[in-house]
Amino acid sequence: MSIVVTGATGALGRLVVEELLARVPAADVAVAVRDKAKAADLAERGVEVRIADYDAPETLSDAFRAGDRVLLISGNAVGRRVPQHTAVIEAAKAAGVAQLAYTGILGGPEADFELAAEHKGTEQALLDSGLPYTFLRNGWYHENYTAQLAGVLKHGTVVGSAGEGRIASAARADYAAAAAAVLTGEGHLNRVYELSGDTAWTMAEYAAEVSAQSGKEIAYTELPADAHLSALTGAGVPEGFAALLVDVDAAISRGSLGHTGGDLSRLIGRATTPVAAAIAAALA
């Protein structure tokens, strides 16, 4: 039996693997990746590397073994994720895995924005499979915002259309720690976790924190949805993805990503990382 992480060379996957290696021997960890070369450093540390391409179901038959605990990290190919994820689920079922954990989105079936649709479809496919599951419904990452800080500092503003809606984000590393806890612990089968930060903040509060830490005057500029879309596409964001982001801001304005239920901090055994700490790290 191994603990298998799919998408393990991505930003979240790398962090999950590091969390696992801090808890269990490397021989107990396997990664399922499209490009073996990208996981060469993990192989050197004793991690088993298996090939798994979400778009090539024939590669998935050797990705899993009976009794494995598997983390299915959602793919980034928006629009193709349900068939991709379903192929992984079918291969995991055929192999007889003991657990399949999936990184979905905060709110699950109740999430009222378009980006959640494929996560809902994947959760249903996993339920239909009959596999023992764990739903890790991740909220927003701090990094969704701090990755844009160079542009924010250049232009002196945070732009959005989220109004006064609150965002209960957490660090990507917090979500990785939760995944590792579920994969190495007991009592998590057929459970649902709504994962989010301990404290929710508004975009105006975020801009104020950036301003305080950077020493530059940073404002939050609230835009109508159509103007926000134009701003994103003007900055080079593909129109389809830009529309999804504007739709998420509308959901934030309705309170859809402000849930602070505490599942994340309980799983990781500590408080979640404050957004101020993420801003400080990004500015360092």
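**Close-up views of a predicted model**

**View 1. His 85 sits in helix H3, which spans residues 81-95.** Welcome to the first stop in this structure, which is a predicted model. His 85 has a relative accessibility of 1% and therefore counts as buried, the cut-off being under 20%. Look for the side chain of His 85 and follow it to the backbone nitrogen of Gly 75, which it reaches at 3.0 Å. Beyond its neighbours within four places in sequence, His 85 is in contact with Tyr 54, Leu 72, Ser 74, Gly 75, Tyr 102 and Thr 122.

**View 2. Arg 14 and Asp 41 form a salt bridge.** The structure holds 15 salt bridges, and here we look at the one where the closest N and O atoms of Arg 14 and Asp 41 are 2.6 Å apart. Arg 14 belongs to helix H1 (residues 11-21) and Asp 41 to helix H2 (residues 40-44), so this pair ties together parts that lie 27 residues apart in sequence. Arg 14 is partly exposed, at 25% relative accessibility. Asp 41 is partly exposed too, with a relative accessible area of 33%.

**View 3. Glu 118 meets Arg 81 in a salt bridge.** Between Glu 118 and Arg 81, the closest N and O atoms are 3.0 Å apart. The pair links distant parts of the chain, with Glu 118 in helix H4 (residues 117-129) and Arg 81 in helix H3, 37 residues apart. Are these two residues buried or exposed? Both Glu 118 and Arg 81 are buried.

**View 4. Arg 270 and Asp 174 are joined by a salt bridge between their side chains.** From N to O, the distance for Arg 270 and Asp 174 is 2.9 Å. Here a loop and a helix are linked: Arg 270 is in the loop between helix H11 (263-268) and helix H12 (275-283), while Asp 174 is in helix H7 (residues 172-184), and these distant parts of the chain are 96 residues apart. Arg 270 counts as partly exposed, at 37% relative accessibility, whereas Asp 174 counts as buried, at 1%.

**View 5. Glu 48, Arg 50, Arg 65 and Asp 68 belong to one network.** Which feature joins these four residues? Salt bridges that share partners connect Glu 48, Arg 50, Arg 65 and Asp 68.

How values were computed
Residues numbered from 1 in each chain as written. Predicted model: local features only at pLDDT ≥ 70, side-chain atom pairs only at ≥ 80, totals over all residues. Heavy atoms only, no water. Helix = DSSP H or I, 4+ residues; strand = E, 2+ residues; numbered from the N terminus. Buried < 20%, exposed > 50% of the residue type's maximum accessible area, 1.4 Å probe, protein only. Polar contact = N/O pair within 3.5 Å; in protein donor to acceptor, adjacent residues only side chain to side chain. Contact = heavy atoms within 4.5 Å.
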